[in-house]
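Have the chain open beside you as we go.

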Amino acid sequence: MIPTSDIGVDGFMNGLRRCGLEPIVDSGVVTFKVEAPTGARAGTPVPTGVSADELTGWPAIPPHWVHFPENVNFPRSNTQGSLVAGWLKHSRQIQGWGNAVEPAQAWISHVRSVLSEAA
């Protein structure tokens, strides 16, 4: 059984902290910075986030939308406005969620992979 402290928004943020990140909530979006391993944004910390309302099923259900500042562009992406001013959310399916020991690490890997495609 998953401890209550690892479920929902608090669980997501606790997991990010265990992975060495410093998440904050901004306008209803849990934000944090990651670096892409490759691509145009490699080596540069980029703000990203997940809507708190998408984390009600965390970690059993991973979020669908990834939020980035508007200046982070992708060759192909379904986008909608973000709750954070000047940001867009991008539609992305996570593959291979599997049995990650630390679900937040799986999410960070997913976001880093998505960010590798950014211009």
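Predicted model: local features only at pLDDT ≥ 70, side-chain atom pairs only at ≥ 80, totals over all residues.

Gly-81 is found in strand S5, residues 79-81.

Q: Why is Gly-81 called exposed?
A: The word applies to residues with over 50% relative accessible area. Gly-81 has 56%, so Gly-81 is exposed.

Q: What does Gly-81 touch, leaving out residues up to four places away in sequence?
A: Its contacts are Trp-87, Leu-88 and Lys-89. A contact here needs heavy atoms within 4.5 Å. As for His-67, 14 residues apart from Gly-81 along the chain, the two C-alpha atoms are separated by 9.0 Å.

Q: What makes Arg-18 and Asp-6 a salt bridge?
A: The rule asks for a side-chain nitrogen of Lys or Arg within 4 Å of a carboxyl oxygen of Asp or Glu. For Arg-18 and Asp-6 the N to O distance is 3.1 Å, so the pair qualifies. Arg-18 lies in helix H1 and Asp-6 in the segment before H1, so the pair ties together parts 12 residues apart in sequence.

Q: Why does the pair of Arg-18 and Glu-102 count as a salt bridge?
A: Their closest N and O atoms are 2.8 Å apart, and the cut-off is 4 Å, so this pair counts as well. Glu-102 sits in the loop between strand S6 (87-91) and H2, while Arg-18 belongs to H1, so the link ties together parts 84 residues apart in sequence. Salt bridges that share partners join Asp-6, Arg-18 and Glu-102 into one network. By this rule the count comes to 2 salt bridges.

Q: Which residues of H2 are buried, and what covers them?
A: The buried ones are Pro-103, Ala-104, Ala-106, Trp-107, Ile-108, His-110, Val-111, Val-114 and Leu-115. Their cover includes helix H1 (8-18), strand S2 (29-34), strand S3 (46-51) and strand S4 (65-69).

Q: Why is S3 called largely enclosed?
A: Of its 6 residues, 5 are buried, so S3 is largely enclosed by the rest of the structure.

Q: What makes S2 and S3 a strand pair?
A: At least two bridges are required, and S2 and S3 have 6, so they pair, in the antiparallel sense. Within that pairing, Phe-32 has Thr-48 of S3 as its bridge partner.

Q: How do you know that the overall size agrees with a compact globule?
A: For 119 residues, a compact globule would have a radius of gyration near 14 Å; the protein has 13 Å, which agrees. Its C-alpha atoms fill a box of roughly 40 × 25 × 25 Å along the principal axes, and 45% of the residues count as buried.

Q: What pattern do the helices and strands follow along the sequence?
A: The 2 helices and 6 strands follow the pattern α-β-β-β-β-β-β-α.

Terms used: Residues numbered from 1 in each chain as written. Heavy atoms only, no water. Buried < 20%, exposed > 50% of the residue type's maximum accessible area, 1.4 Å probe, protein only. Helix = DSSP H or I, 4+ residues; strand = E, 2+ residues; numbered from the N terminus. Rg over C-alpha atoms; globule rule 2.2 N^0.38 Å.
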